[in-house]
Protein chains: 2
Amino acid sequence: MKRNVLIIGAGGVAQVVAHKCAQNNDVLGDLHIASRTLSKCEAIIQTVHEKAAMKVPGPFHAYTLDATNIEAVKTLIRQTGAQIVINVGSPFVNMTVLDACIDAGAAYIDTAIHEDPTKICETPPWYGNYEWKKREACKAAGVTAVLGVGFDPGVVNAFARYAVDACMDEVHSIDIVDINAGNHGKYFSTNFDPEINFREFTGTVYSWQKGAWQENKMFEVMREDDLPVVGKQKSYMSGHDEVHSLSNRYPNADVRFWMGFGDHYINVFTVLQNLGLLSEQPVTTAEGLEVVPLKLVKAVLPDPSSLAPNYTGKTCIGDFVKGTKDGQPVEVFVYNISDHKDAYNEVGSQGISYTAGVPPVAAAMLIAEGTWDVGHMANVEDLDARPFLGLLNKIGLPTRIKDAAGDRALDL
Amino acid sequence: MKRNVLIIGAGGVAQVVAHKCAQNNDVLGDLHIASRTLSKCEAIIQTVHEKAAMKVPGPFHAYTLDATNIEAVKTLIRQTGAQIVINVGSPFVNMTVLDACIDAGAAYIDTAIHEDPTKICETPPWYGNYEWKKREACKAAGVTAVLGVGFDPGVVNAFARYAVDACMDEVHSIDIVDINAGNHGKYFSTNFDPEINFREFTGTVYSWQKGAWQENKMFEVMREDDLPVVGKQKSYMSGHDEVHSLSNRYPNADVRFWMGFGDHYINVFTVLQNLGLLSEQPVTTAEGLEVVPLKLVKAVLPDPSSLAPNYTGKTCIGDFVKGTKDGQPVEVFVYNISDHKDAYNEVGSQGISYTAGVPPVAAAMLIAEGTWDVGHMANVEDLDARPFLGLLNKIGLPTRIKDAAGDRALDL
C-alpha cells in the first residue's frame, strides 16, 4: 500500500492527471504537482477546485522544480512524502526522475519513452537505450516503475495483453491503430507541443515484422479501416514506443503502429519538412539573426492547450490482434472511443490529453492498492491487464471489443 | 542624343542590364554600376569581362551607393557624367532616384512600380500614388522618365500599344498572360527575392473591367490557355503594375493580368500564408526571440541567383488583345518565348531576369539615339512601340504574333 502522489509536469496531460488524482484522492492521499513554472501548477490546481474535483478533503500543493536535477527531485519526493511519482513532464526528463525515484524509494510512472533532445530517432528497441538499463537498479531497490502508461503506449499494451491472454493460444500480429477523428476548427495545429509532435514523424519508422526490425519512411505504408463510430479512416505506419516493448514480449508476432493522418495534415507537414522549416538546426537570416526554424513554426502554430474549448468529435484507438485458438484463426479488435467535448466538460482538456492522462492515474491507484506494486520495472503488457482495464472502465476510458461474436463493452 | 549609363542595383536583373549595356556600349558610352554592396557590382563587372561582352573598349566602373539618399544619387550622376540612369534596384528606391534624375537632368528608366516597404498593396491606380505626381516636374525640367520598362510591365505594354495601333480600330480587352514553364529542379523556390515576390500575391487583386476598378482575391479567378511552345497552362488573375497604366490609356477596354502558377507553387504558398509564415510582423518564440517569419522563410528558400545554372525550359509572356477592325471582331496574341538555358549561356542569368533586364537597355538605347528621348514622363504604351519592339527583335527578345492569319515573327 502506497499513498501520496507527486505529479511532475504542468501541460495538458498533467491537467488531466491532476483532475483524475483529485477525483480519487481517497485512494491516492495527498497530492502535489511540480514543474519549472510554478504559475502553471497553481493554475491547474485552481481548475481542480473550480470543478470541485477533490473526492475527499485533502491537500494539493504546487512547487517549482527543475526535473533534470536528480537531487532536486529527490528532495521534493522526501519533502512531500510522496510514495508515487507520476512523470508527465517533457520526455527529456524521464531518466533523472526515474533515478531520483530509485534513490528515494518511490514508485515511478511515466507515459512516454525517454528522449535525448539532440537525437531525433534512436536505434530499436528504444527502451533498451535508456529505461531498461535501470531494470536491475529498480529490482535491487524494490522500486515499482511502470513505463509508458498513457493511452498509446499504455492502454494499447494492455489491450494486446488482454487479447492474447483471453482470446488466443498463439498471437501472430498486433496492429495498433490511433485515429483522432476530432475537429479543432483551426487551419492546422498539432495536438501537443509541436516540437515533440513532429519528432515522431521525422525519423525512421521502425516496425517488428518476421522476427526482426524493419525500416520504413513516414507516410510510406498506409492502411484503411472501417472503424466503430469514426468510420473509414486512413492511417500510416509510424514509429511508436509500444512497438519496442510489445515485440520483446511477443517476438513471434508482427507488431506495428498506425497513426491516422488526414491528407491536409500530411500536406502541411510535407511542405514544412521539405522547406527545412521543421529543422532543429539554426539558420541565419539575411539580417544575421540565428533562428531554429522549428521554434518559429511552434510560435506561429496555435497553442495546443487553446484547442480544448472548441474541440469536437471523437478518438478511436485500438488493437487489431490476430492469432489462433484451438488451431482456428481468430481476430479481435480491442478499442476505446473518447469524445473531445466530454473530456473538456469533465477536466478542461481535449480528448488527446484525456486519453493520455487518465491511464497513469489508474496505474497509480493500482500501485496504491497493491495490485500493480510489483517492486520492479515493468512495461504495461508485463502486468495483468484485467484490473487495469477494469478500473479504466470505471474512471472514464471504457474498453470495447469487436470480434466474430459482435461489438460490445468489455466486461471484466 | 544622350550617352553614359549609370545602373543602380546589383541583383539578377542588374546583371542582365550590365551585360546588355556592355554589348551595346558603342551606342551607350561609358558604363557605371552602383549598389549598397560594392562587391556585388564588382562581381557583375567581372562576369561582363569574362564573357568579353564589351562591344568596344570603354570604362565600366563600380560604386557604393545608398539609393535612398537623393543627394548621394545626384552626386554620383554628376560625378559619372551619366545622362541615363537605369534603376533596377529594390522597388523601394524609385522615388529618390527619380527625384535625383529630375534635379540632375538625367533620363530615368525603371522596371517596376515604387513600393513603400510598410504597405503591401495600395489603392489603384498604383502609379498615381507616387510616380505620376512627378509628371509636371519632369516636364518642367525636360527630363525623360520611362516608367516600368521591364518585360511585364514594359514589353507587354508595347505589345498592347502595337496590337491596338496595327490591328484594330477599337480595343475591347487586353489580357496579359505570364507563363514560366521552366524548371529549376528545386522543391520550391521563388524566381527573385522572396520578400518582394510574395508581396505580389498577398494583397488585393485589382483589375480594370467595365470601366472601373474591380477587386478579387489571389487565386480566385483562373484561366487556361493553349499557348505556343509551352502548351496548356493555367494562370490566375493577379495585381500587376501595367494594369494601372494601360487602363489609363485604354479606359474603354478591360485590362487584366494573369500570372501562371503550378498547383505545387500554389499549395506551398497557401500553406505558408495560412500558417502566418509570410507575415512581415515579428512573432516571439518560446525562448523570447523576435523573428519576422518572412525573413526566416527567405533564409530557408534557395537563393534565386543560385537557380540559373540548372534552370531549363521556356517562358511565354504575351497579350491577348481583342477589339474590332472595320466593324468585325479581331483577336491577336502578341508574345515572346525565352529560354532559361540560352539566357544563362549568354549573360549568366535565368530567363526571368533576362526578360526583365533586356528591355530597359533597349529603352536606354532609344533614349541615347533620340527616338524615345521625349523630355517628359511616360509609361511604355505612351511611346511608339515599333522602334522598341524592332530593337528587341535584334538584341534578344524577338516578338511573335498569332492571329487569324497564323503564328509568325513580328516583322517591323
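Which residues of α14(A) meet which residues of α15(A)? In this predicted model, the α14(A) side of the contact consists of Y354(A), V358(A), P359(A), A362(A), A363(A), M365(A) and L366(A). They meet P387(A), F388(A), L391(A), L392(A) and I395(A) of α15(A). By class, this contact has 12 nonpolar residues, no polar ones and no charged ones.

The geometry of this pair can be described next. Two packed helices are described by the angle between their axes and the distance between the axes. Helix α14 of chain A spans residues 351–368, and helix α15 of chain A spans residues 385–395. Their axes come within 10 Å and cross at roughly 120 degrees. That angle makes α14(A) oblique to α15(A). The crossing of α14(A) past α15(A) is right-handed.

An annotation in the UniProt record covers residues 150–396 of chain A. This unreviewed entry gives "domain: Saccharopine dehydrogenase-like C-terminal". Over residues 150–396 of chain A, the chain is 35% helix and 30% strand.

On the α8(A) side, the contact is made by V156(A), N157(A), A160(A) and R161(A). On the α10(A) side, E242(A), S245(A), L246(A) and R249(A) take part. The residues of this contact divide into three nonpolar, two polar and three charged.

Chain B supplies another helix pair. Helix α1 (residues 12–23) of chain B packs against helix α3 (residues 38–50) of chain B at an angle of about 40 degrees. The axes of α1(B) and α3(B) are 10 Å apart. The two helices are therefore oblique to each other. α1(B) passes α3(B) in a right-handed crossing. From α1(B), the contact draws on A14(B), Q15(B), A18(B), H19(B) and A22(B). From α3(B), it draws on I44(B), T47(B) and V48(B). Five residues of this contact are nonpolar, three are polar and none is charged.

Some backbone details lie in loops. In chain A, a cis peptide bond joins P124(A) and P125(A), with omega about -10 degrees. P125(A) lies in the loop between β5 (107–110) and α6 (126–129) of chain A. In chain B, a cis peptide bond joins P124(B) and P125(B), and omega is about -10 degrees. P125(B) is found in the loop between β5 (107–110) and α6 (126–129) of chain B. K210(B) has a positive phi of about 55 degrees, although K210(B) is not a glycine. This residue sits in the loop between β8 (205–209) and β9 (212–216) of chain B.

How are the two chains related? Chain A is superposed on chain B by a rotation of 180 degrees, with 0.1 Å of shift along the rotation axis. The RMSD of this superposition is 0.1 Å. This is the relation of a two-fold axis. The same surface serves both copies. Of the contact residues of chain A, 100% recur in chain B.

Technical notes: Residues are numbered from 1 along each chain as its sequence is written. Chains are lettered from A and ligands numbered from 1 in the order in which they are written. This is a predicted model: local features need pLDDT of at least 70, side-chain atom pairs count only at pLDDT 80 or more; totals for chains, interfaces and linings use all residues. Side-chain values use heavy atoms; hydrogens and water are left out. Copies are superposed by least squares on the C-alpha atoms of residues with pLDDT of at least 70 in both. Contact means heavy atoms within 4.5 Å. UniProt positions are given in the numbering used here, feature names are shortened, and annotations may be inferred rather than shown by experiment. Helices (H or I, at least four residues) and strands (E, at least two) are DSSP runs, numbered from the N terminus. Axes are lines fitted to C-alpha atoms, for helices over the stretch in contact, and angles run from 0 to 180 degrees between N-to-C directions. Angles under 35 degrees count as roughly parallel, over 145 as roughly antiparallel, 65 to 115 as roughly perpendicular and the rest as oblique. A crossing is left-handed if the near helix is turned anticlockwise from the far one by less than a right angle, and right-handed if clockwise. Ala, Val, Leu, Ile, Met, Phe, Trp, Tyr, Cys and Pro count as nonpolar, Asp, Glu, Lys and Arg as charged, and the others, Gly among them, as polar.
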